[in-house]
Amino acid sequence: MIITDYLRSKRDLTWDYAKQCGVGHGVIRLPEDPAFDICDLSHWQSVYKEFTDFGIKPIVVEPMPNALHDHIKAGDEKRDESIEKVIRMLPIMDRLDIRTICLNFMAHVGWYRTDYNIEERGGALVTGFDAAACQDSGMEITQEQLWENYTCFVKAVLPYAERYGIRLALHPDDPPVPRLGKVSRIMISHENIKKAIEIGNSDFLGITMCQACYQMMGEDLFSVIPEMKEKIFFIHFRNATGNKYHFHETFHDNGDIRMGEMLALYKKCGIDVPIRVDHVPTMAGEKENSGYTALGRLYAIGYLKGLLEGLGME
């Protein structure tokens, strides 16, 4: 496994903690500043150099830049222009040897929570979802529209992904429910995600194995992971408790998934891909509760490294 951490393009404390934990590879979020030109090599090189000068090699882009992907998922008037810009990203990624993009297909509403102040172990705070408390965004899209927009996207982009050797790792919807208000969701089951992969029909289209999303779907991880082993391009090492309609995040060692068993299964299946911790608690002394705070990540990275070492995978 290649241990990575999720790092924003502007240096913050998570960069230091990752480096101090021995993490040498980055899952990077590109700048959302309109001045950043996604199609300009020099703009990418500037961001890339910030990381490499710090001692971290970017190897995954996550997410697909929202300024482009939101139009693609919604299928609006900027869809084709945005697809063209994604295509122009790929040779730049090839030039910098960044081989994977983690993307989702949640239109209008991304990963969604109804509660940000659930107490976990020792009073740490985590996020959660309760379908009964879901707010209507006022937006609308059907499953048919989503499948059409998704098909248009992958058919257009995959020939270039193949040409430049860039892997697209599809993340499931979070939460994996059929709709949020009038906004439909499609990447909500193992069968639907297999359908999405088959539509692309490419060695360069696979999945991000977000363990907790598949667990919330009600899928059997011990069946899904071996079945999809050739298509797992990236792993979100995440734990939670509950089901798709009512769940909350947990410490990585305190949810429904036995994390050591998951890593042993990846090893048995010969899966050797980038992995990062995801959705951590907010711990004492921290104020923001987004699932991406620094101390929770520090704990989770240490936990992941310990499990990997114990299994001889580091």
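**Exercise 1.** Determine whether arginine 8 is buried, partly exposed or exposed, and name its salt-bridge partner.

*Solution.* Step 1: arginine 8 has a relative accessibility of 30%. Buried means under 20% relative accessible area, exposed means over 50%, and partly exposed lies in between (1.4 Å probe, protein chains only). Arginine 8 therefore counts as partly exposed.

Step 1: arginine 8 forms a salt bridge with aspartate 12, and their closest N and O atoms are 3.6 Å apart. A salt bridge is a side-chain nitrogen of Lys or Arg within 4 Å of a carboxyl oxygen of Asp or Glu.

Step 2: at 26% relative accessibility, aspartate 12 is also partly exposed.

This is a predicted model, in which local features need pLDDT of at least 70 and side-chain atom pairs count only at pLDDT 80 or more, while totals for chains, interfaces and linings use all residues. Residues are numbered from 1 along each chain as its sequence is written, and side-chain values use heavy atoms, with hydrogens and water left out.

**Exercise 2.** State which residue forms a salt bridge with arginine 113, and where in the chain the two partners lie.

*Solution.* Step 1: the partner is aspartate 174, with 2.9 Å between the closest N and O atoms.

Step 1: arginine 113 belongs to the loop between strand 4 and strand 5 (115-119), and aspartate 174 to the loop between strand 8 and strand 9 (179-180), so the pair ties together parts 61 residues apart in sequence. Helices (H or I, at least four residues) and strands (E, at least two) are DSSP runs, numbered from the N terminus.

Step 2: both arginine 113 and aspartate 174 are buried.

Step 3: through shared partners, salt bridges join Arg113, Asp174, Arg238 and Glu249 into one network. The count of salt bridges in the model is 20.

**Exercise 3.** List the buried residues of helix 6 and identify the elements against which they pack.

*Solution.* Step 1: helix 6 spans residues 190-200, and its buried residues are His190, Ile193, Lys194, Ala196, Ile197, Ile199 and Gly200.

Step 1: these buried residues pack against helix 5 (143-164), strand 8 (167-170), strand 11 (205-210), helix 7 (211-217) and helix 8 (221-227).

Step 2: asparagine 201 follows helix 6 and has a positive phi, near 50 degrees.

**Exercise 4.** Find how many residues the largest nonpolar core has, and which residues tyrosine 150 touches.

*Solution.* Step 1: a nonpolar core is a set of buried Ala, Val, Leu, Ile, Met, Phe, Trp, Tyr and Cys residues joined through side-chain atoms within 4.5 Å. The largest such core has 92 residues.

Step 1: those with the most contacts inside this core are Trp44, Tyr150, Phe153, Met209 and Ile225.

Step 2: leaving aside residues up to four places away in sequence, tyrosine 150 touches Phe105, Leu170, Met187, Ala196, Ile197, Ile199 and Leu205. Contact means heavy atoms within 4.5 Å.

**Exercise 5.** State the relative accessible area of aspartate 97 and of arginine 99, and describe how their side chains meet.

*Solution.* Step 1: aspartate 97, at 40%, is partly exposed. Step 2: arginine 99, at 27%, is partly exposed. Step 3: their side chains meet in a salt bridge, with an N to O distance of 2.9 Å.
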